[in-house]
Amino acid sequence: MVKVITYGTFDLLHYGHIRLLERAKALGDYLIVGVTSDDYDKTRGKINSQQSLMERIKAVRDTGLADEIIVEEYEGQKIDDIRRLHVDIFTVGSDWEGYFDYLNEYCKVIYLQRTEGISSSKVRTDKRKLRVGLVGSAAFRTKFIHESQFVNGIEVVGICASQSGTVPEGEALFYTNDYEEFLKKVEAVYIISKPERHYADTKKALLAGKHVLCESPIAYTRDECQELYRIAAAKGLILMDAIKTAYSTAYERLILLAKTGKIGQIISVDAVCTSLRDGIALEGADLSQKWNSMCGWAPVALLPVFQIMGVKYIDKCFYTKFLDKEANIDSFTKIDFTYSTGVASIKVAKGAKAEGELIIAGTKGYIYVPAPWWKTDYFEVRFENPEDNRRFFYQLDGEGIRYEIAAFLKAVESGSNISYVSQEVSQAIVGVINDFNERMNMVEFF
Ligand code: C2G
(Lines give C-alpha, C1' and ligand atoms only; values in the text may rest on other atoms or scores of the structure.)
Protein backbone atom coordinates (compact mmCIF):
# COMPACT_ATOMS: atom_id res chain seq x y z
CA MET A 1 0.00 0.00 0.00
CA VAL A 2 1.39 3.39 -1.00
CA LYS A 3 0.84 6.01 1.68
CA VAL A 4 0.69 9.69 0.70
CA ILE A 5 0.75 12.68 3.02
CA THR A 6 0.00 16.35 2.42
CA TYR A 7 -0.41 19.39 4.65
CA GLY A 8 -2.23 22.68 4.62
CA THR A 9 -4.39 25.19 6.41
CA PHE A 10 -7.35 24.56 4.09
CA ASP A 11 -9.09 27.76 5.13
CA LEU A 12 -12.37 28.36 3.26
CA LEU A 13 -11.78 25.16 1.29
CA HIS A 14 -11.84 25.91 -2.41
CA TYR A 15 -11.42 24.30 -5.81
CA GLY A 16 -7.59 24.63 -5.67
CA HIS A 17 -7.48 22.62 -2.44
CA ILE A 18 -9.81 19.95 -3.76
CA ARG A 19 -7.81 19.52 -6.94
CA LEU A 20 -4.66 19.18 -4.86
CA LEU A 21 -6.24 16.55 -2.61
CA GLU A 22 -7.58 14.61 -5.59
CA ARG A 23 -4.17 14.46 -7.24
CA ALA A 24 -2.47 13.65 -3.94
CA LYS A 25 -4.87 10.77 -3.42
CA ALA A 26 -4.23 9.51 -6.96
CA LEU A 27 -0.50 9.24 -6.18
CA GLY A 28 -1.12 6.26 -3.90
CA ASP A 29 -3.65 4.13 -2.06
CA TYR A 30 -4.01 5.93 1.24
CA LEU A 31 -4.10 9.70 1.82
CA ILE A 32 -3.18 11.37 5.10
CA VAL A 33 -3.98 15.07 5.39
CA GLY A 34 -2.26 17.22 7.99
CA VAL A 35 -4.34 20.24 8.88
CA THR A 36 -2.42 23.03 10.62
CA SER A 37 -3.48 24.00 14.14
CA ASP A 38 -4.41 27.61 14.83
CA ASP A 39 -1.32 28.06 17.00
CA TYR A 40 1.02 26.63 14.41
CA ASP A 41 -0.46 28.93 11.80
CA LYS A 42 0.17 31.86 14.10
CA THR A 43 3.82 30.92 14.29
CA ARG A 44 3.86 30.75 10.48
CA GLY A 45 2.48 34.31 10.39
CA LYS A 46 -0.95 33.14 9.20
CA ILE A 47 -3.36 34.91 11.52
CA ASN A 48 -6.08 35.46 9.04
CA SER A 49 -7.72 32.11 8.87
CA GLN A 50 -11.42 32.63 8.95
CA GLN A 51 -12.22 29.15 10.13
CA SER A 52 -11.24 27.35 13.29
CA LEU A 53 -9.22 24.15 13.21
CA MET A 54 -12.38 22.06 13.73
CA GLU A 55 -14.17 23.77 10.85
CA ARG A 56 -11.19 23.29 8.57
CA ILE A 57 -10.89 19.61 9.52
CA LYS A 58 -14.58 19.11 8.84
CA ALA A 59 -14.25 20.69 5.41
CA VAL A 60 -11.35 18.37 4.53
CA ARG A 61 -13.26 15.36 5.87
CA ASP A 62 -16.34 16.32 3.83
CA THR A 63 -14.37 16.07 0.60
CA GLY A 64 -14.25 12.32 1.24
CA LEU A 65 -10.70 12.28 -0.10
CA ALA A 66 -8.76 11.88 3.12
CA ASP A 67 -8.34 8.43 4.62
CA GLU A 68 -6.85 9.94 7.75
CA ILE A 69 -6.63 13.46 9.11
CA ILE A 70 -3.98 14.61 11.56
CA VAL A 71 -3.20 17.97 13.08
CA GLU A 72 0.08 19.72 12.33
CA GLU A 73 1.22 21.51 15.45
CA TYR A 74 4.92 22.25 15.27
CA GLU A 75 7.91 22.96 13.09
CA GLY A 76 9.61 19.70 12.14
CA GLN A 77 6.53 17.56 12.70
CA LYS A 78 6.52 16.42 9.08
CA ILE A 79 9.64 14.30 9.64
CA ASP A 80 8.03 12.76 12.69
CA ASP A 81 4.79 12.01 10.88
CA ILE A 82 6.49 10.51 7.85
CA ARG A 83 8.51 8.11 10.01
CA ARG A 84 5.75 7.24 12.43
CA LEU A 85 3.04 6.70 9.82
CA HIS A 86 5.39 4.94 7.34
CA VAL A 87 4.65 7.44 4.58
CA ASP A 88 5.93 6.77 1.05
CA ILE A 89 5.15 10.07 -0.65
CA PHE A 90 5.00 13.64 0.64
CA THR A 91 3.24 16.06 -1.66
CA VAL A 92 2.35 19.74 -1.63
CA GLY A 93 1.52 22.48 -4.14
CA SER A 94 4.19 23.96 -6.41
CA ASP A 95 4.12 27.23 -4.44
CA TRP A 96 6.40 25.31 -2.05
CA GLU A 97 8.76 24.06 -4.82
CA GLY A 98 12.15 23.20 -3.33
CA TYR A 99 11.15 24.08 0.19
CA PHE A 100 10.56 20.52 1.32
CA ASP A 101 13.43 18.84 -0.51
CA TYR A 102 14.92 17.98 2.89
CA LEU A 103 12.15 15.39 3.27
CA ASN A 104 13.69 13.35 0.39
CA GLU A 105 15.76 11.70 3.07
CA TYR A 106 12.63 10.11 4.52
CA CYS A 107 10.28 9.59 1.53
CA LYS A 108 9.60 10.68 -2.03
CA VAL A 109 8.75 14.39 -2.42
CA ILE A 110 6.38 15.48 -5.20
CA TYR A 111 5.35 19.07 -5.92
CA LEU A 112 2.00 19.26 -7.68
CA GLN A 113 1.13 22.11 -9.99
CA ARG A 114 -0.75 24.76 -8.03
CA THR A 115 -4.16 25.70 -9.42
CA GLU A 116 -3.97 29.20 -10.84
CA GLY A 117 -6.41 31.96 -10.05
CA ILE A 118 -7.70 30.77 -6.71
CA SER A 119 -6.43 30.99 -3.14
CA SER A 120 -7.74 31.34 0.41
CA SER A 121 -6.36 34.89 0.52
CA LYS A 122 -8.24 35.71 -2.67
CA VAL A 123 -11.47 34.26 -1.29
CA ARG A 124 -10.90 36.31 1.86
CA THR A 125 -9.97 39.56 0.15
CA ASP A 126 -12.75 39.25 -2.41
CA LYS A 127 -15.10 39.52 0.52
CA ARG A 128 -16.21 43.08 1.06
CA LYS A 129 -13.96 44.76 3.61
CA LEU A 130 -15.20 46.28 6.83
CA ARG A 131 -14.69 50.03 6.57
CA VAL A 132 -13.16 51.26 9.80
CA GLY A 133 -12.52 54.82 10.87
CA LEU A 134 -10.16 55.93 13.62
CA VAL A 135 -11.08 58.52 16.18
CA GLY A 136 -8.34 60.40 18.00
CA SER A 137 -4.82 61.42 17.29
CA ALA A 138 -2.66 59.43 19.65
CA ALA A 139 0.49 57.86 18.31
CA PHE A 140 -1.20 54.51 18.71
CA ARG A 141 -3.29 55.31 15.66
CA THR A 142 -0.30 54.72 13.39
CA LYS A 143 0.30 51.34 14.99
CA PHE A 144 -3.33 50.40 14.37
CA ILE A 145 -3.12 51.33 10.69
CA HIS A 146 0.06 49.33 10.33
CA GLU A 147 -1.32 46.29 12.13
CA SER A 148 -4.63 46.33 10.27
CA GLN A 149 -2.71 45.51 7.10
CA PHE A 150 -2.08 42.03 8.46
CA VAL A 151 -5.78 41.34 8.80
CA ASN A 152 -7.78 40.54 5.70
CA GLY A 153 -11.29 41.87 5.51
CA ILE A 154 -10.73 45.18 7.23
CA GLU A 155 -9.78 48.51 5.78
CA VAL A 156 -8.97 51.75 7.59
CA VAL A 157 -10.67 54.40 5.47
CA GLY A 158 -10.53 57.60 7.46
CA ILE A 159 -9.57 59.49 10.56
CA CYS A 160 -11.52 61.84 12.74
CA ALA A 161 -9.09 63.82 14.82
CA SER A 162 -11.01 65.00 17.81
CA GLN A 163 -7.68 66.31 19.00
CA SER A 164 -4.99 67.97 16.95
CA GLY A 165 -3.02 65.73 14.67
CA THR A 166 -2.24 65.11 11.06
CA VAL A 167 -2.70 62.23 8.68
CA PRO A 168 0.36 60.02 8.48
CA GLU A 169 2.10 60.88 5.25
CA GLY A 170 1.32 58.86 2.19
CA GLU A 171 -1.89 57.47 3.62
CA ALA A 172 -4.87 57.54 1.28
CA LEU A 173 -7.31 58.20 4.07
CA PHE A 174 -9.98 60.81 4.40
CA TYR A 175 -9.50 63.18 7.26
CA THR A 176 -12.06 65.28 9.06
CA ASN A 177 -12.85 67.07 12.30
CA ASP A 178 -16.56 66.61 11.80
CA TYR A 179 -17.55 63.50 13.73
CA GLU A 180 -21.07 63.25 12.29
CA GLU A 181 -19.78 63.40 8.72
CA PHE A 182 -17.08 60.91 9.60
CA LEU A 183 -19.58 58.41 11.00
CA LYS A 184 -21.55 58.47 7.75
CA LYS A 185 -18.53 57.14 5.88
CA VAL A 186 -17.60 54.17 8.07
CA GLU A 187 -19.13 50.93 9.34
CA ALA A 188 -17.05 50.62 12.48
CA VAL A 189 -14.83 52.85 14.57
CA TYR A 190 -11.73 52.39 16.63
CA ILE A 191 -11.72 55.00 19.37
CA ILE A 192 -8.41 56.23 20.69
CA SER A 193 -9.51 59.72 21.70
CA LYS A 194 -8.70 60.97 25.19
CA PRO A 195 -10.37 58.83 27.90
CA GLU A 196 -12.80 61.54 28.98
CA ARG A 197 -14.21 61.51 25.44
CA HIS A 198 -14.64 57.76 25.11
CA TYR A 199 -18.20 57.71 26.39
CA ALA A 200 -19.46 60.51 24.14
CA ASP A 201 -17.56 59.27 21.07
CA THR A 202 -18.73 55.68 21.62
CA LYS A 203 -22.33 56.65 22.27
CA LYS A 204 -22.56 58.73 19.10
CA ALA A 205 -21.05 55.94 17.05
CA LEU A 206 -23.41 53.32 18.47
CA LEU A 207 -26.43 55.56 17.94
CA ALA A 208 -25.32 56.00 14.34
CA GLY A 209 -25.31 52.18 14.01
CA LYS A 210 -21.54 51.66 14.01
CA HIS A 211 -19.60 48.88 15.71
CA VAL A 212 -17.07 50.13 18.24
CA LEU A 213 -13.65 49.02 19.34
CA CYS A 214 -12.69 51.45 22.10
CA GLU A 215 -9.55 51.83 24.14
CA SER A 216 -10.30 50.98 27.75
CA PRO A 217 -11.80 52.55 29.88
CA ILE A 218 -14.75 52.92 27.55
CA ALA A 219 -16.43 55.40 29.93
CA TYR A 220 -15.73 57.33 33.14
CA THR A 221 -18.70 56.17 35.21
CA ARG A 222 -20.47 52.87 35.82
CA ASP A 223 -23.78 54.32 34.63
CA GLU A 224 -22.32 55.55 31.36
CA CYS A 225 -20.72 52.19 30.79
CA GLN A 226 -23.97 50.32 31.35
CA GLU A 227 -25.76 52.70 29.04
CA LEU A 228 -23.26 52.01 26.27
CA TYR A 229 -23.69 48.26 26.60
CA ARG A 230 -27.48 48.68 26.60
CA ILE A 231 -27.39 50.68 23.37
CA ALA A 232 -25.02 48.20 21.73
CA ALA A 233 -27.25 45.26 22.70
CA ALA A 234 -30.44 46.98 21.59
CA LYS A 235 -28.93 47.81 18.21
CA GLY A 236 -27.19 44.49 17.72
CA LEU A 237 -23.78 46.17 17.56
CA ILE A 238 -20.38 45.07 18.79
CA LEU A 239 -18.82 47.11 21.56
CA MET A 240 -15.39 45.84 22.46
CA ASP A 241 -12.61 46.99 24.79
CA ALA A 242 -9.31 47.44 23.05
CA ILE A 243 -6.83 45.92 25.48
CA LYS A 244 -4.27 44.27 23.26
CA THR A 245 -2.80 42.10 26.02
CA ALA A 246 -6.05 40.16 26.22
CA TYR A 247 -5.37 38.85 22.71
CA SER A 248 -1.80 37.68 23.14
CA THR A 249 -1.62 33.90 23.10
CA ALA A 250 0.74 33.65 26.07
CA TYR A 251 -1.57 35.80 28.19
CA GLU A 252 -4.69 33.86 27.16
CA ARG A 253 -2.98 30.58 27.98
CA LEU A 254 -1.67 31.66 31.36
CA ILE A 255 -5.15 32.73 32.42
CA LEU A 256 -6.53 29.36 31.38
CA LEU A 257 -3.68 27.56 33.10
CA ALA A 258 -4.26 29.51 36.32
CA LYS A 259 -7.88 28.40 36.24
CA THR A 260 -7.06 24.70 35.98
CA GLY A 261 -5.81 24.62 39.55
CA LYS A 262 -2.27 23.79 38.50
CA ILE A 263 -0.87 26.27 41.04
CA GLY A 264 -3.56 25.43 43.60
CA GLN A 265 -6.00 27.95 44.94
CA ILE A 266 -5.05 31.43 43.82
CA ILE A 267 -4.19 33.71 46.71
CA SER A 268 -2.87 36.82 45.02
CA VAL A 269 -2.39 38.57 41.71
CA ASP A 270 0.19 41.34 41.46
CA ALA A 271 0.56 43.29 38.25
CA VAL A 272 2.91 46.17 37.55
CA CYS A 273 2.79 48.39 34.46
CA THR A 274 4.99 51.45 34.14
CA SER A 275 6.47 53.59 31.40
CA LEU A 276 8.24 56.93 31.27
CA ARG A 277 8.08 57.11 27.49
CA ASP A 278 5.15 59.52 27.46
CA GLY A 279 7.19 62.12 29.33
CA ILE A 280 4.36 63.39 31.52
CA ALA A 281 6.82 64.53 34.16
CA LEU A 282 9.05 66.43 31.72
CA GLU A 283 9.29 70.20 31.91
CA GLY A 284 6.77 71.84 29.64
CA ALA A 285 4.81 68.63 28.88
CA ASP A 286 1.34 69.50 27.60
CA LEU A 287 -0.69 67.59 30.18
CA SER A 288 -3.95 68.34 28.41
CA GLN A 289 -2.84 65.90 25.70
CA LYS A 290 -1.68 63.17 28.07
CA TRP A 291 -3.43 60.15 29.50
CA ASN A 292 -2.89 59.84 33.24
CA SER A 293 -1.25 56.73 34.70
CA MET A 294 -4.61 55.28 35.69
CA CYS A 295 -6.24 55.48 32.27
CA GLY A 296 -3.03 54.65 30.44
CA TRP A 297 -2.20 51.55 32.42
CA ALA A 298 -4.89 50.45 34.88
CA PRO A 299 -7.11 48.70 32.28
CA VAL A 300 -4.16 46.47 31.34
CA ALA A 301 -3.03 45.85 34.92
CA LEU A 302 -6.58 45.16 36.09
CA LEU A 303 -7.18 42.59 33.39
CA PRO A 304 -5.48 39.63 35.14
CA VAL A 305 -6.84 40.76 38.50
CA PHE A 306 -10.45 40.66 37.34
CA GLN A 307 -10.06 37.69 35.01
CA ILE A 308 -8.52 35.56 37.75
CA MET A 309 -9.87 36.87 41.06
CA GLY A 310 -13.21 37.95 39.62
CA VAL A 311 -14.87 41.36 39.70
CA LYS A 312 -16.49 41.02 43.12
CA TYR A 313 -13.82 42.38 45.42
CA ILE A 314 -14.72 43.31 48.98
CA ASP A 315 -12.72 46.47 49.17
CA LYS A 316 -9.99 48.47 47.52
CA CYS A 317 -7.68 51.33 48.40
CA PHE A 318 -5.78 53.72 46.13
CA TYR A 319 -2.31 55.04 46.98
CA THR A 320 -1.58 57.89 44.63
CA LYS A 321 1.05 60.45 43.87
CA PHE A 322 -0.35 63.22 41.72
CA LEU A 323 1.70 65.22 39.31
CA ASP A 324 -1.15 67.66 38.77
CA LYS A 325 -4.22 66.90 40.83
CA GLU A 326 -6.32 69.56 39.15
CA ALA A 327 -5.68 68.00 35.74
CA ASN A 328 -6.24 64.53 37.28
CA ILE A 329 -2.74 63.42 36.26
CA ASP A 330 -1.27 60.85 38.62
CA SER A 331 2.36 59.94 38.20
CA PHE A 332 1.97 56.75 40.23
CA THR A 333 -0.95 54.77 41.65
CA LYS A 334 -1.05 51.55 43.59
CA ILE A 335 -4.35 49.81 44.22
CA ASP A 336 -4.85 47.08 46.81
CA PHE A 337 -7.87 44.82 46.50
CA THR A 338 -9.22 42.42 49.08
CA TYR A 339 -11.32 39.42 48.11
CA SER A 340 -12.93 36.73 50.22
CA THR A 341 -10.42 34.30 48.67
CA GLY A 342 -7.28 36.42 48.55
CA VAL A 343 -5.76 39.73 47.58
CA ALA A 344 -4.60 41.57 44.48
CA SER A 345 -2.60 44.66 43.73
CA ILE A 346 -1.68 46.73 40.76
CA LYS A 347 0.97 49.42 40.40
CA VAL A 348 0.67 51.77 37.46
CA ALA A 349 2.90 54.68 36.63
CA LYS A 350 3.84 57.06 33.86
CA GLY A 351 5.99 59.12 36.20
CA ALA A 352 7.87 56.32 37.96
CA LYS A 353 9.57 53.12 36.93
CA ALA A 354 9.36 49.60 38.39
CA GLU A 355 9.78 46.02 37.19
CA GLY A 356 6.81 45.35 34.90
CA GLU A 357 6.07 41.82 35.98
CA LEU A 358 2.99 39.78 36.71
CA ILE A 359 2.91 37.25 39.52
CA ILE A 360 -0.01 34.98 40.25
CA ALA A 361 0.50 33.16 43.53
CA GLY A 362 -1.29 29.97 44.48
CA THR A 363 -1.23 27.44 47.29
CA LYS A 364 0.88 25.00 45.24
CA GLY A 365 3.02 27.28 43.09
CA TYR A 366 3.02 30.52 41.12
CA ILE A 367 2.96 31.88 37.60
CA TYR A 368 5.67 34.36 36.78
CA VAL A 369 5.57 36.59 33.71
CA PRO A 370 8.69 38.70 33.20
CA ALA A 371 8.63 42.37 32.19
CA PRO A 372 7.03 43.65 30.12
CA TRP A 373 4.33 41.10 30.93
CA TRP A 374 1.66 42.94 28.90
CA LYS A 375 3.41 42.05 25.66
CA THR A 376 5.00 38.79 26.53
CA ASP A 377 5.33 35.65 24.48
CA TYR A 378 6.52 33.65 27.44
CA PHE A 379 5.71 32.72 31.05
CA GLU A 380 6.84 30.31 33.73
CA VAL A 381 5.01 28.14 36.22
CA ARG A 382 7.21 27.73 39.28
CA PHE A 383 7.05 25.40 42.24
CA GLU A 384 8.89 24.76 45.50
CA ASN A 385 10.83 22.01 43.74
CA PRO A 386 12.52 23.69 40.76
CA GLU A 387 12.42 20.40 38.85
CA ASP A 388 8.67 20.85 38.51
CA ASN A 389 9.03 24.30 36.92
CA ARG A 390 7.68 24.69 33.42
CA ARG A 391 8.24 27.36 30.77
CA PHE A 392 5.71 28.20 28.09
CA PHE A 393 6.55 30.00 24.84
CA TYR A 394 4.13 31.36 22.24
CA GLN A 395 4.21 33.49 19.16
CA LEU A 396 3.42 37.18 19.55
CA ASP A 397 3.34 39.47 16.55
CA GLY A 398 2.53 43.15 16.63
CA GLU A 399 2.09 43.21 20.43
CA GLY A 400 -1.26 41.46 20.04
CA ILE A 401 -2.83 44.36 18.14
CA ARG A 402 -3.36 42.38 14.96
CA TYR A 403 -5.04 39.57 16.91
CA GLU A 404 -7.25 42.16 18.58
CA ILE A 405 -8.25 43.55 15.18
CA ALA A 406 -8.88 40.03 13.87
CA ALA A 407 -11.07 39.28 16.94
CA PHE A 408 -13.02 42.50 16.43
CA LEU A 409 -13.62 41.63 12.78
CA LYS A 410 -14.75 38.12 13.71
CA ALA A 411 -17.13 39.53 16.32
CA VAL A 412 -18.63 41.91 13.76
CA GLU A 413 -18.95 39.18 11.15
CA SER A 414 -20.45 36.59 13.48
CA GLY A 415 -22.65 39.14 15.23
CA SER A 416 -21.58 37.93 18.63
CA ASN A 417 -19.00 39.38 20.92
CA ILE A 418 -16.49 36.64 21.38
CA SER A 419 -14.37 39.29 23.02
CA TYR A 420 -11.67 38.17 25.39
CA VAL A 421 -12.57 41.07 27.66
CA SER A 422 -16.03 40.27 28.99
CA GLN A 423 -18.61 42.95 29.58
CA GLU A 424 -18.30 42.25 33.28
CA VAL A 425 -14.54 42.92 33.26
CA SER A 426 -14.97 45.98 31.05
CA GLN A 427 -17.50 47.40 33.53
CA ALA A 428 -15.33 46.58 36.53
CA ILE A 429 -12.45 48.50 34.93
CA VAL A 430 -14.70 51.52 34.43
CA GLY A 431 -15.80 51.15 38.06
CA VAL A 432 -12.21 51.47 39.27
CA ILE A 433 -11.58 54.55 37.11
CA ASN A 434 -14.86 55.96 38.38
CA ASP A 435 -13.77 55.55 42.01
CA PHE A 436 -10.31 56.93 41.31
CA ASN A 437 -11.82 60.04 39.77
CA GLU A 438 -13.99 60.44 42.86
CA ARG A 439 -10.95 59.94 45.13
CA MET A 440 -12.75 57.18 46.92
CA ASN A 441 -10.68 55.44 49.58
CA MET A 442 -7.53 57.20 48.47
CA VAL A 443 -4.31 57.78 50.34
CA GLU A 444 -2.36 60.51 48.69
CA PHE A 445 1.38 60.96 49.05
CA PHE A 446 3.71 63.67 47.89
N1 C2G B 1 -3.08 24.83 -3.27
C2 C2G B 1 -3.16 24.63 -4.65
N3 C2G B 1 -3.75 25.56 -5.44
C4 C2G B 1 -4.25 26.69 -4.92
C5 C2G B 1 -4.20 26.92 -3.54
C6 C2G B 1 -3.59 25.97 -2.74
O7 C2G B 1 -2.71 23.62 -5.17
N8 C2G B 1 -4.80 27.59 -5.73
C9 C2G B 1 -2.43 23.84 -2.42
C10 C2G B 1 -1.22 24.36 -1.66
O11 C2G B 1 -0.09 24.38 -2.48
C12 C2G B 1 -1.11 23.37 -0.53
C13 C2G B 1 -2.59 23.03 -0.25
O14 C2G B 1 -3.32 23.42 -1.39
O15 C2G B 1 -0.46 22.21 -0.95
C16 C2G B 1 -3.11 23.74 0.99
O17 C2G B 1 -2.96 25.12 0.83
P18 C2G B 1 -3.02 26.13 2.06
O19 C2G B 1 -4.25 25.85 2.82
O20 C2G B 1 -2.78 27.50 1.57
O21 C2G B 1 -1.86 25.66 3.00
P22 C2G B 1 -0.33 26.05 2.94
O23 C2G B 1 -0.07 27.27 3.75
O24 C2G B 1 0.18 26.05 1.56
O25 C2G B 1 0.21 24.85 3.79
O26 C2G B 1 3.98 23.47 5.61
C27 C2G B 1 3.29 23.37 4.37
C28 C2G B 1 1.95 23.80 4.63
O29 C2G B 1 1.33 23.01 5.60
C30 C2G B 1 1.12 23.94 3.37
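A quick definition before we start: a residue is buried when its relative accessible area is under 20%, exposed when it's over 50%, and partly exposed in between. Keep in mind that this is a predicted model.

Q: Is Lys 194 buried or partly exposed?
A: The cut-off for buried is under 20% relative accessible area. Lys 194 has a relative accessibility of 9%, so Lys 194 is buried.

Q: What about Glu 196, the salt-bridge partner of Lys 194: buried or partly exposed?
A: The two side chains meet with N and O 3.4 Å apart. Glu 196 has 45% relative accessibility, and the range between 20% and 50% is the middle class. That makes Glu 196 partly exposed.

Q: How many residues apart in sequence are the parts that Lys 325 and Glu 444 tie together?
A: The side chains of Lys 325 and Glu 444 form a salt bridge, 2.7 Å from N to O. Lys 325 sits in the loop between strand E13 (315-324) and strand E14 (329-338), while Glu 444 is in strand E20, so the pair ties together parts that are separated in sequence by 119 residues.

Q: Are Lys 325 and Glu 444 buried or partly exposed?
A: Lys 325 comes out at 40% relative accessibility. For Glu 444 the value is 26%.

Q: Which residue forms a salt bridge with Arg 402?
A: Searching the whole structure turns up 24 salt bridges. In the one made by Arg 402, the closest N and O atoms are 2.7 Å apart. This pair links distant parts of the chain, 255 residues apart, with Arg 402 in helix H12 (residues 401-414) and its partner in helix H6 (residues 140-148). Both residues are buried, and the partner is Glu 147.

Q: Which proline does a cis peptide bond join to Ser 216?
A: Omega for this bond is about 0°. The proline is placed in the loop between strand E10 (211-215) and helix H9 (222-235). It's Pro 217.

Q: Which proline does a cis peptide bond join to Ala 371?
A: Here omega is about -10°. The proline lies in the loop between strand E17 (365-369) and strand E18 (378-383). The name you want is Pro 372.

Q: What is the phi of Phe 10?
A: Look in the loop between strand E1 (3-8) and helix H1 (15-26) to find Phe 10. With a relative accessibility of 3%, Phe 10 is buried. Phe 10 is not a glycine, yet its phi is positive, at about 55°.

Q: How far is a polar backbone atom of Phe 10 from an oxygen atom of the ligand?
A: The ligand is surrounded by 20 residues, and Phe 10 is among the closest, along with Lys 46, Lys 78, Asp 95 and Ile 118. For a ligand oxygen and a polar backbone atom of Phe 10, the distance is 2.8 Å.

Q: What percentage of the ligand's accessible area does the protein cover?
A: The space the ligand takes up is the second largest pocket. On its own, the ligand has 610 Å² of accessible area, and the protein's cover amounts to 95%.

Q: Which element gives the largest share of the shell around the ligand?
A: E1, H1 and strand E4 (89-93) each supply at least two shell residues. The largest share is 3 residues, and it comes from H1.

How values were computed. Residues numbered from 1 in each chain as written. Predicted model: local features only at pLDDT ≥ 70, side-chain atom pairs only at ≥ 80, totals over all residues. Heavy atoms only, no water. Helix = DSSP H or I, 4+ residues; strand = E, 2+ residues; numbered from the N terminus. Buried < 20%, exposed > 50% of the residue type's maximum accessible area, 1.4 Å probe, protein only. Salt bridge = Lys/Arg side-chain N within 4 Å of Asp/Glu carboxyl O. Near = heavy atom within 4 Å. Polar contact = N/O pair within 3.5 Å; in protein donor to acceptor, adjacent residues only side chain to side chain. Areas by Shrake-Rupley, 256 points an atom, 1.4 Å probe, with all protein chains shown as cover. 1 Å grid on protein atoms, 1.4 Å probe; cavity = no way out; pocket = protein on both sides within 12 Å on 5 of 7 lines; lining within 4 Å. Sits in = over half its atoms within 2 Å of the grid points.
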